[in-house]
Structure formats: structure tokens, C-alpha cells
Amino acid sequence: MIEEIEKIPNSNIMRDDLNFKYYVSGTWKKSSSGKMVSILNPYNNEVVGKVQACSIEEANEVITVANENRECWEEITQRERAEVLMKAASIMKEWALSLGFIMMREIGKPLKSAVSEITRTAEYFEATAEAGLQQEGEAIFGDSFKGFSRDKMSMTYRVPLGVILCIGPFNYPFNLTGSKIAPALMAGNTVVVKPPTQGAITPLFFGLILEKAGVPPGVFNIITGRGAEIGDYLVQHPLVSMVSFTGSSETGKHIASVAGMKPLLFELGGKDAAIVLDDANLELTADAIVSGAFSYSGQRCTAVKRVIPMPGIADKLIALVKEKTLKLSIGDPEKNSTIGPLINSKQCEYVQGLINDAVGKGATLLCGNKREGNIMWPTLLDNVTTDMRIAWEEPFGPVLPFIRVKSAEEAIQISNESEYGLQGMIFTENVDLAFNIAQELEVGTIQINGKSERGPDHFPFLGTKSSGLGTQGIKYSIDAMSRPKVIVLNLSERGKLVKQCKYD
Ligand code: NAP
Ligand code: G3H
């Protein structure tokens, strides 16, 4: 671990050995609390490093600093901001292997996926810089509204919101932090990041990256510590202008209840259902289901979390999915196994509880239901019924239920009964029918003949119901992190002045 960290230039300033500091005003500091939180590798439970358990006073300090530096960042040009983001992207690409390795150790993500999370973030920064440069305002004459004339004209342009508080989840600790930082900075805001505690080390490197890229001290800051201890204080702070949060629906609902009148941008949990019709291409469907359900051991908001097959193909589809699931590699994230450890043993116990409940109520166990350390074998459950918890709860682990139905109407009904509404999938060769079903599904996005997923990152990404608030995606996030400012020009003497302007 230490060898990988030392490959990153200047990383000695952010730590003493493997004890990482927090970042405020361009300075790396130890918490005056004297307390640290240990980050355990979920694969072998070894300590990967420690981060500062910052105090409420330090939470106040980072927000105050970000607020004091608003003007300095707001006043630099759009083009300069874009250049900073581009530079940051190229640094990320340069350091991608080391950062990916560190991430693999702290959250147990397969090494290849961890490295690609870093490069995806670099590409996100580049695309955000490009999209930010395209932003334009608009001018509107009053005469398009009844009773008004061209004597009135509005000019609208966008201004930053102020200080954006960015809180991310453990499963994409770098990308889902970066996809908040880039639009926030591009829109001219200053930033405070509160990374997930399990997964805090990798996003701390944003401090080094952004400083090297040219972000002035105090514009970008990171505070570490448990959400349960400093989260409410950060969210409620009057100098925080917006909370951009990705995490569980439970934490999201709590934040919404304490944040007060601030704009909130939330990406939360999901229970994405794949509806498979009788005419689907079953090879393609089974591949999409297995990859969608089990990559990073199912720890993705957009993982395929339910399959609802029609009677004509259910047996054949389930057999194919089982065959492909049994071929998945299981074990060490460094060896790129698809199935690796869940984030901690508490999560394994939760997932086990869902399996036990389903089997106890009569679900058929097709494979899996085995655990070693934090690794849970991919588990398929057939004949799942709506009285079972797995039909509704988000496992965030490698368990996939099949809920057999008798009609497309029933599939739509079960899909919509969920408290979540992130994405849905329809597998069929009949695009007309798919389009009709898509219109009935109460989710943010419907994938036709493909697995649920967030990217490409310039697409809008949103959830309905308990799955989110607002819309993200490159240009959507820049919009969400800025607001229109309107100046209205009232030309009372317009016609008269033109007529007076004669020189003969
Ligand atoms: P989580 O437990 O809700 O934590 C998310 C973040 O919130 C962490 O940084 C956590 O800090 C912080 N937090 C906890 N309590 C807080 C409080 N009172 N105030 C402010 N922040 C607080 O979620 P997770 O376990 O990391 O991630 C898994 C969940 O995220 C799943 O439900 C998944 O579906 C969802 N997710 C959704 C999306 C999406 O795009 N829709 C993407 C990824 C993940 P600590 O780590 O210090 O507790
Ligand atoms: O975990 C939630 C992420 O937003 C999912 O992103 O679909 O690219 O894996 P992904």
C-alpha cells in the first residue's frame, strides 16, 4: 500500500505514514480531537490507513473557509475554470493505477474496475469542462406575453449557488465524489467534501490533484469523520448553499428532514427490475442480468435487483442465468474476481437475513448461500413471492430474486409497487410493446434490451420516489449547482428616443 501511495508525487504532505490528514485552506491538518478512524480492508480486515475524526469546530472551519473564498473562485473566467478541470483530469489519468490500487484495498473493488473508476472520473472532469463552456444565457422580449411589449426585456444568465457540500457513498468513493466536485467548481461554487468513512482515503487525493491543477487555497476543502457525528452539523450549517448527496435512501431521508430550506440533489437506493418478455433474446438478456446483478458483488445502486420473467421463457432464462452465474470468479479483488468482499460483516449479515427470510417462506435456492469472511457467493432465488423481504428491499449484495408473473400488467404492477424508482429494464424484440410498458413504469430511466446503469455520464440520471431528488448528469448537474439570475430592462422611451436621434 505504502509503495503505491509513495508513487504519487507530494503525497507525504497529506499523511504521517498511513495516517491521513484533512484538507482545508490548502493545508493538510490533523484534527484537534486527536481521534482517528481506522479503515479496514474488507477482504482481509487489515488496517489500510486511518483518517481524522474531525470535530464540529473543524466542520465549522471548513465551511467558513469555503464561504470566505467564494468571490475568488466566482470571479475567475469560465475558460480558466475549464482549464483547471482539464488539468485535474490529466493528473488523475497519470495517477490512475496507484489511486485504483488504493481504492481496491480500502473498499474491495476489483482492481481493474477501481482503475477504470479513476479514468471515468477524469473523463467526467473533461466533459464537464466542455459542457460548462457551452453554457449560455438568454434574452426574452416581453411582447410574447399578452399585454406586454418590446419595451421590456429580460436577460438571464447563471450564477453559482455558493458553498456546495458533497457527500458520497462507499461504493464509488472517487467517482461519485468527483461527479459532484467537477460541476460544482465549473459552475463557480466553492466545495466542501465529506467522503464516506469507508472509502475516505481515495477521495482525499482530490486535495493534491486540484491544488496541482490550480484551484486556489480554500476553494476546495475535505473534512473526514463519521457522518453520524458531523453529518447533521454540516448539512444544517447556514453557510452551506446546497447538499449534493449520494447514499442510502435512509440517510437521504434523514438529511432532507434536517437540512432546512436548501436545494438538495440526491442519488439514493434502487430496486431495479428487469421485465423479460416471451420474445426476448435470452442469451443477451441473461448476460445483461448476470453482469448487472453481480458486478462489484451487487454493490451498485443500479444493480439488477429483481427479475420478472414471463411464463413462456421463465424456465429457460433462469437456467441460462444460473449457468452464467456459476462461472463468475470469486475471491481476491487484486485478481479481479467479479465477486469479492462486501463492504463489512454487518452488510453480509443483512444480506444473509434476506436470503434466510426468502428460503424460510418457500423460495427455491438455485445457487450460492455460502459465505467466507466478507465474501458471499452469488445467490439466485426462484419462486420469490411478494411476501418476502427480498422482493422489496435493496440487498446491496450478490443476491438476485426471480419473481414469476402471468402477464405484463402484473410485471408492471410489481415493478411499480416498490418504494424505489431508479431504473427499470424491458427485454423484448417488440420495441412498440417495450415503449408502451416503459411509459407505465414509475422510474427515472428505462433501459430497453440493456442492463440498468448510470452512464454514459452525460445522460440525465435521476430517481423517482425514494430513489432521489433532482437530476444529475454532466450538464444537468452544472444547472442544478447554479441558478438563473435575471435582469429586466424597461425601455419606457424606446420609440421616442429613436425618432429624436436625427442629425440633418
Ligand atoms: P450511506 O450509509 O447512506 O452513507 C452515504 C454517505 O452519507 C456517507 O458519506 C456517510 O458517512 C454519510 N452520512 C451518514 N450519516 C449522515 C448524516 N447524518 N448526515 C450527512 N451525511 C451522513 O450509504 P452507503 O452505505 O455509503 O452507500 C450505499 C447506498 O448508497 C445504497 O443504498 C445505494 O443504493 C446508494 N447509492 C446510490 C447511488 C445512486 O446513484 N442512486 C449511487 C451509489 C450508492 P459515513 O460513511 O461516515 O457514515
Ligand atoms: O452505485 C450507483 C452508481 O451511480 C452506479 O453507477 O451504473 O455506472 O455502476 P454505474
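On a 1 Å grid laid over the protein atoms alone, a cavity is a set of points where a 1.4 Å probe fits but cannot get out, while a pocket is an open set with protein on both sides within 12 Å along at least five of seven lines; a residue counts as lining if it has an atom within 4 Å of a point. Grid points are joined across faces, edges and corners, and a volume is the space filled by probe spheres set on the points. With that settled, let's walk through the structure.

This is a predicted model, in which local features need pLDDT of at least 70 and side-chain atom pairs count only at pLDDT 80 or more, whereas totals for chains, interfaces and linings use all residues. Residues are numbered from 1 along each chain as its sequence is written, chains are lettered from A and ligands numbered from 1 in the order in which they are written, and side-chain values use heavy atoms, with hydrogens and water left out.

Start with the overall build. The protein has 16 helices and 26 strands. Both are DSSP runs numbered from the N terminus, helices being H or I over at least four residues and strands being E over at least two. The radius of gyration is 25 Å, close to the 23 Å that the globule rule gives for 504 residues, so the protein is as compact as a globular protein of that length. (That radius is taken over C-alpha atoms, and the rule is 2.2 Å times the number of residues to the power 0.38.) The C-alpha trace spans about 95 × 60 × 40 Å along its principal axes.

Now the cavities. The count comes to 3 of 30 Å³ or more. The largest cavity holds about 90 Å³ of space, and its lining includes Y124, E267, R454, D457 and Q472. By residue type, that lining divides into 5 nonpolar, 4 polar and 3 charged. Here Ala, Val, Leu, Ile, Met, Phe, Trp, Tyr, Cys and Pro count as nonpolar, Asp, Glu, Lys and Arg as charged, and the others, Gly among them, as polar. Domain 1 (2-268 + 468-485) and domain 2 (273-460) both contribute lining residues, so the largest cavity lies between them. The domain bounds come from an automatic or database domain assignment.

The second largest cavity has about 60 Å³ of space. Among the residues lining it are K271, D272, R306, Y420 and V443. Two strands, β21 (420-421) and β22 (423-427), are the elements that give two or more residues to this lining, which splits into 4 nonpolar, 5 polar and 3 charged.

At least two lining residues come from each of β5 (36-40), α8 (227-236), β12 (242-246), α9 (249-258) and α12 (345-360). The lining of the largest pocket is made up of 21 nonpolar, 19 polar and 9 charged residues, and domain 1 and domain 2 each supply at least three of its residues.

The second largest pocket has a volume of about 490 Å³. Of its 25 lining residues, S113, R120, Y172, S295 and R300 sit closest to the centre. Helices α5 (111-134) and α10 (282-294) are the elements that give it two or more residues, and α5 gives the most, with 4. Since domain 1 and domain 2 both give residues to the lining, this pocket too lies between them.

β5 pairs with β6 (residues 47-52) in the antiparallel sense over 5 bridges, and V37 stands opposite V51 in β6.

Another open sheet has 3 strands in the order β7-β8-β26, with antiparallel pairing. Its edges are β7 (138-141) and β26 (482-490), each with a single partner strand, so each has one side left without a neighbour in the sheet. β7 and β8 (residues 152-160) run antiparallel and are joined by 4 bridges, with I140 opposite S154 in β8.

Conventions:
Pairing = 2+ DSSP bridges.
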